[in-house]
Amino acid sequence: MIIGNKNFDIEHETYIMGILNVTPDSFSDGGKFDTLDAALFHAEEMIRDGAAIIDIGGESTRPGYTRISDQEEIERVCPVIEAVKSRLDTVISVDTYKSGVAAAACKSGADLVNDIWGFKADPEIARVTAEAGVACCLMHNKAEAVYGNFMEDMKKELQESIAIARAAGVADDKIIIDPGVGFGKTYENNLEAIAQVQQLKELGFPVLLATSRKSVVGLTLDLPSDQRVEGTLVTTVYGVQKGCAFIRVHDIKENARAIKMTQALMRF
């Protein structure tokens, strides 16, 4: 799979997408990297520690988040995308569900659109992604955690997102899917989404697992967001074993080491 100028061996490797929130209010690192210098420094640090993709987000999507205008989001993410792109040789993802932001981000150099609503919130974002020729990550999400058969419903709803992408002209080799841990799911749904993540591979696309410091870890271990690294590492190891091609995390160094150790053991 080619994203930006990089070739990703999605059959044999697991790559890290590093989280760079340029927001004042994200659940775990809000306000830490919302200046250009801080964002650049952190991006460089994440690449050095093993991140293959930098995922830049300008609007917090934590529970109860406040939606901001397209213009405000563009003003937050585009200067960072341009600065990272001009100084660092890396693949850049933009974390947005808004077509206007996606269009501006792609013009600024983003290589991937990471949409928490799987192209279902904004009818134009699939077309914008296709026209830009960039990759996309389609996350499962819904307004209410109501399911008949959870895993079957999730697969069906992800197939709807895939159909939207294809209809707009996004090529199959540009699509990644994400079970959306922490979004539109109960605690038990989140555990099942992780435990059964290999089922998503039946849809025929590389899978991204994003559990970093999330509530499913916090509730299981009864720990605040700044003490969830070990719990996250367990889900990363599990994701590697189940064939996930991408892991989206905050703590790059620790997760990169966990992936490397897991892959070494899996070779035997």
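User: Which residues touch the most other members of the largest nonpolar core?

Analyst: Leu20, Ile56, Ile81, Val113, Phe119, Ile175 and Ile177, out of 62 residues in that core. Helix H2 (residues 70–87) gives the largest share, seven residues. This is a predicted model, where local features need pLDDT of at least 70, side-chain atom pairs count only at pLDDT 80 or more, and totals for chains, interfaces and linings use all residues. Residues are numbered from 1 along each chain as its sequence is written, and side-chain values use heavy atoms, without hydrogens or water.

User: What makes a set of residues a nonpolar core?

Analyst: The members are buried Ala, Val, Leu, Ile, Met, Phe, Trp, Tyr and Cys residues, joined through side-chain atoms within 4.5 Å.

User: What is phenylalanine 119 in contact with, leaving aside neighbours within four places in sequence?

Analyst: Contact (heavy atoms within 4.5 Å) is found with Val113, Ile125, Ala126, Thr129, Cys136, Leu138, Ile164, Ala165 and Val170.

User: Why is strand S5 called largely enclosed?

Analyst: Buried means under 20% relative accessible area, with exposed over 50% and partly exposed in between (1.4 Å probe, protein chains only). Five of the five residues of S5 (residues 91–95) are buried, so the strand is largely enclosed by the rest of the structure.

User: How do you know that both faces of S5 are covered?

Analyst: Val91, Ser93 and Asp95 are buried on one side. Ile92 and Val94 are buried on the other.

User: Which strands pair with S5, and how many bridges are there?

Analyst: Pairing takes at least two DSSP bridges between the strands. Strand S4 (residues 53–57) pairs with S5 in the parallel sense over five bridges. Strand S6 (residues 112–115) also pairs with S5 in the parallel sense, over three bridges. Both pairs therefore pass the cut-off of at least two. Valine 94 of S5 is the bridge partner of isoleucine 56. Serine 93 has leucine 112 of S6 as its bridge partner.

User: Why is helix H3 called largely enclosed?

Analyst: Seven of the 10 residues of H3 (residues 99–108) are buried, so the rest of the structure largely encloses the helix. Those buried are Ser99, Val101, Ala102, Ala104, Ala105, Cys106 and Ser108. Their cover includes H2, S5, S6 and helix H4 (125–132).

User: Which residue takes a positive phi just after H3?

Analyst: Glycine 109, at about 125°.

How values were computed: Helices (H or I, at least four residues) and strands (E, at least two) are DSSP runs, numbered from the N terminus.
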